[in-house]
Amino acid sequence: MASPTEHASFLPPVLTFLSAAVIGVPVFRLIGQSAVLGYLVAGVLIGPFGFSLIAEPETAASVAEIGVVLLLFIVGLELHLSQLVSMRRDIFGLGTAQLLVCAAALGGAGLLFGLAPAAATVVGIALALSATAVALQLLEERGDLGTPYGGRAFAVLLFQDLSVVAILALMPLLASAGGGGGEGFWFGEAVQSTGRALAAILAVVLVGRYGLNPFFRLLAASGAREVMTAAALLVVLGTALLMQEVGLSMAMGAFLAGILLAESNFRHQLEADIEPFRGMLLGLFFMSVGMSIDGGLVKSLWPILFGATAGAILLKVALVAGLFRLFGSPWLDAVRGAAILAPAGEFAFVLLPVAGGLGLIDANATRFAVALAALTMLIGPVAAKGLDAVLARRPAAAEEQATDVVESTEARVLLIGFGRFGQILTQVLLAEGISVTVIDKDVEQIRSASRFGFRIYYGDGTRLDVLRAAGIGRVELVCVCIDDPEAALKIVDIVHEEFESVRTYVRAYDRTHAVELMNRDVDFQLRETSESALAFGRATLEALGLSAESAARRTDEVRKRDVARLVLQQAGALPDGSGWMRGLPGELKPEPLTAPQRPARALNAETRDIIGHERREAAHRALETQDARPDA
């Protein structure tokens, strides 16, 4: 039987990673640098060439790859197939040009420094690839993924991920060309691997198109939140593993899963469930990159390494900026996009060892190239940050129309709760042409909304992560239309604490709930039955012979008296001067807004007992109030 010490043996490295993250990242954010740089430097310090706090950095690296997988899944959730089609020029045109031009230039530099043609080709391709995790993290921190340059940068990254399988297939050809023979064997292997990849993609598309929505709908009906989280991870990691087994990248599989779920009603809930795992594992990935830097090599060859790093970054920035400009970007956007793509990619750490195993590149050159790729990822974010600071001093350039890369962020209203109340409100907003994002966790309401053409997402509106995923920080106001008073109060508290600029319009369940909402300083509240009951009363007066004007005037008088009483109750004093203790809902009871012309009369014995009991309690309360008053 394993001892408690053996069971807890995983804790020291976990605590090391957590400590490095919570110390390193805030420090670098305080000095104005990216969180990516904080993770990378933390990885260098805890790695084998720092304080050697992590004994097996390779294990951490294998786990950390899941962070990149989850990142690509969330990016896929933000895209739609129609948007990918509209980006085809940037994906296949700009993406192809970037990879070929940068690989040729960097490979040519390798030839000048004495590398063999095959080795120079591999090194050039490895360094021409860009760091998807670094680039997307920087774009996310800036909020620029939806900008024109952010869209083009993402298109390039997407093409690079698509091209990895072809690059891996080309390596045996390069090796056989160097050693003679084997071309037929290579061709057969390439055909088989391509067939397996296409079959796997087709299977994923079919399952995603026809199976995922019913699957998540069934799980959502169970009401078990943790099962939804487990299902989200199952879909992402299962698709990623399948793609890896057929020769594609895990990140590409996760991206494909995200694309298939982009139109799902459950996408915001999935994004909220995945986000905590994504953030932590992506940070672990960056730290694993920092740990991979060969400190001994850097120490012995630091002038050459840092010179090569600076040269590679400057060359990529110049070439990619020129290509962005050629494809229609203004110079400012072209330079910013190029700086984002300057660091070498994660796949460099895959391609270079594979090339070494095939004999395309010797061990010393492999170590140097891996260290160079890692250093570009370390220095690249600093260079991008410095470039932003320089460009910020320039006069603002004319803004282009933003490319529709991610889901439109133009929704002005976030509506939580799509029941009877929310449906009518949404009809009014849509009739005026106001864009709305709707959240609901009732599967039946989602089905109803689909018949009306409303855009509605499955999710729990009382969760901060779901609200963030739905874009609450970008809307003008949030309408809380759920029929759960406690949940509505919780949402109001979250919005007021986290999103001060967002106005809160709330459906009040009853009078007590309305007072609680007023105590929380909501911008507007309305009891769910008040206006409909007043309209009903106005129609009743008209049916009894009053003119429409008289009935409307009488209704307005009652409305004004009701509001005045509500304000007094919220302030802590009833109209008769008796106190009202906040927080005791039982103290608020219906009271007539107009003085009755005669006392109530009971028409049977049971009613007389009830009314008599109520009158005795009222008299008792009045005596207690009088006794409690201080003597004059």
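The legends below describe several close-up views of one predicted protein chain.

Residues are numbered from 1 along each chain as its sequence is written, and side-chain values use heavy atoms, with hydrogens and water left out. Because the model is predicted, local features need pLDDT of at least 70 and side-chain atom pairs count only at pLDDT 80 or more, while totals for chains, interfaces and linings use all residues.

**Figure 1. The whole chain.** The chain holds 26 helices and six strands; helices (H or I, at least four residues) and strands (E, at least two) are DSSP runs, numbered from the N terminus. Of the 632 residues, 45% are buried, where buried means under 20% relative accessible area, exposed over 50%, and partly exposed in between (1.4 Å probe, protein chains only). Accessible areas come from the Shrake-Rupley method with a 1.4 Å probe; for residues, only the protein chains shown count as cover.

Figure 2. S329 lies in the loop between α15 (295-326) and α16 (331-341). Is S329 buried or exposed? S329 counts as buried, because its relative accessibility is 1%. Its side chain makes a polar contact with the side chain of R152 at 2.8 Å. A polar contact is a pair of N or O atoms within 3.5 Å; within protein, one must be able to donate a hydrogen and the other to accept it, and residues adjacent in sequence count only if both atoms are side-chain atoms. Apart from neighbours within four places in sequence, S329 is in contact (heavy atoms within 4.5 Å) with R152, F324 and A334.

**Figure 3. Cysteines without a disulfide.** The count of disulfides (pairs of cysteine sulfur atoms within 2.5 Å) is zero. For C479, the closest cysteine sulfur is that of C481, 5.5 Å away, so the two are too far apart for a bond. C479 is buried at 7% relative accessibility, and C102 is buried at 0%.

**Figure 4. A nonpolar patch on the surface.** L11, V14, L15, L18 and M280 form this patch, with about 420 Å² of accessible area together. Patches are made of residues with over 30% relative accessible area and no salt bridge: like charges are joined within 9 Å, and nonpolar side chains (Val, Leu, Ile, Met, Phe, Trp, Tyr) within 5 Å. Helix α2 (residues 11-30) gives the most to the patch, with four residues. M280 sits in helix α14 (residues 267-291) and is partly exposed at 48% relative accessibility.

**Figure 5. Salt bridges.** The chain has eleven salt bridges, each a side-chain nitrogen of Lys or Arg within 4 Å of a carboxyl oxygen of Asp or Glu. One of them joins E498 and R468, with the closest N and O atoms 3.2 Å apart. This pair links distant parts of the chain, as E498 is in helix α22 (residues 485-498) and R468 is in helix α21 (residues 464-469), 30 residues apart. In another, E542 pairs with R538 at 3.6 Å between the closest N and O atoms. E542 and R538 are four residues apart in helix α24 (residues 530-543), so about one helical turn separates them. R412, E476 and R503 are linked in a network of salt bridges.

**Figure 6. D521 in its loop.** D521 is not a glycine, yet has a positive phi of about 60°. D521 is placed in the loop between α23 (511-519) and β6 (524-527), and counts as exposed at 61% relative accessibility.
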